[in-house]
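Could you walk me through a few features of this structure?

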Amino acid sequence: MAAALGSAHQLRAAAPPALRKRGKKTLKASRAMSVVRAASTEPKIESVAAAVPSDAFLPDGLYCVDNTQTIRRKTRTVTIGKVKMGSDHPIVRQTMTTSDTRDVEATVAEVKKCADAGAEMVRITVQGMQEAKACAEIKKRLVEDGYETPLIADIHFAPKVAMMVAECFDKIRVNPGNFADGRKKFEDILYETDEEYNAEIEEIEKIFTPLVLKCKERGVAMRIGTNHGSLSARTLSRYGDTPAGMVESAFEFARICRKHDYHNFVFSMKASNPLVMVQAYRLLAHEMYKLGWDYPLHLGVTEAGEGEDGRMKSSIGIGALLLDGLGDTIRVSLTEASHLEMEPCTRLRDVGHKAAEEKWGVEKFEEKGRDFKDFARRASDLPVQKEDDAIDLRDRKS
């Protein structure tokens, strides 16, 4: 059976506008090396198919247990405080505060309101040392008031802040795009050789490893959360802003975790466009099946908006993946008060549970014309026109 992968190259070819807008340097960089060697011994996503038989975990080309029926993907259990996450546990609902983290009173009150509305975990942004110092007091106050809801620190650009807040919070979210590699001057980055590219991977490992060891020592969980809108300059130089770049960016950090035998982490592949988001998660699941990895998935559409628009975008992206059997925790990201996210979040969770319990699906069929890594429209035939039809079914303008 032919190997399923080469997905990074297929996706790069499938998204020429993303590469063209980056200019000639992207095209030159992407041609310079078709396969980038990892700093560790684990294979890159381009070489996985060669390393693992294509039928070792799933039939060729699949990203879920069954693409005609909702069967939840089997994962390991990740522990966040007293909350268990993974396929052996209910889908976990979470949200994120909007208060100024330095305002302890406001943040504590908001976390309580979210927890009372059903949030099983709450994420708090931690931009700098002042916020990190406030986090210890926030956690202390909540515990004193009987709230044991796990708290998650949202970290960008600040490894030292992550180390500090890991002393008191239950989970750390790191963004591979800017945790240790936050430069945004794309035109200054061009890697002609493996040595140049891998030199920066080694630097990332040096910066990220202390947090990995700290989390392992303290039993703190982690989310390796790639965001389509904040890929690093080095990732863009090699992959463009593609789902393949999102997956590889996360895998670089995951390999460091695995190198130190730390496995209490989850992945996310967020984007504001539900189609990009779904494509990235499916590719991520596909690559993990090939590697034999079983890490849980955090689902979400970034900055979905407010009102009906935000709820619809989240339902399209999160709902599609839940019906694939993918997803172990969800956040509906709305530009509204944080506790209001819980109602649509709960609805989606219930749909995911019901679909898996009742094994929603369709009759088995052989997919012959659609690649899950490509969102081109499916070719189809118009319905047959009958003489007694009241509407001209073949009138494309009607």
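The side chain of Glu131 comes to 3.0 Å from the backbone nitrogen of Gly128, a polar contact, meaning N or O atoms within 3.5 Å, one able to donate a hydrogen and the other to accept it, where residues adjacent in sequence count only if both atoms are side-chain atoms. This is a predicted model, in which local features need pLDDT of at least 70 and side-chain atom pairs pLDDT 80 or more, while totals for chains, interfaces and linings use all residues. Residues are numbered from 1 along each chain as its sequence is written, and side-chain values use heavy atoms, leaving out hydrogens and water.

Glu131 sits in helix H6, residues 129–144 (a DSSP run of H or I with at least four residues, numbered from the N terminus). Glu131 is buried because its relative accessibility is 9%, and buried means under 20% with a 1.4 Å probe, protein chains only. Leaving aside residues up to four places away in sequence, Glu131 touches Thr101, Arg102 and Val126, with heavy atoms within 4.5 Å.

Now for the spaces. On a 1 Å grid over the protein atoms alone, a cavity is a set of points where a 1.4 Å probe fits but cannot get out, while a pocket is an open set with protein on both sides within 12 Å along at least five of seven lines; lining residues have an atom within 4 Å of a point. The second largest pocket is lined by 19 residues, with Met96, Arg123, Glu303, Arg331 and Ser333 nearest its centre. The lining of this pocket has two nonpolar, eight polar and nine charged residues, with Asp, Glu, Lys and Arg counted as charged, Ala, Val, Leu, Ile, Met, Phe, Trp, Tyr, Cys and Pro as nonpolar, and the others, Gly among them, as polar.

The lining of the second largest cavity includes Thr70, Arg72 and Ile91, and divides into four nonpolar, four polar and one charged residue.

Key. Helix = DSSP H or I, 4+ residues; strand = E, 2+ residues; numbered from the N terminus. Buried < 20%, exposed > 50% of the residue type's maximum accessible area, 1.4 Å probe, protein only.
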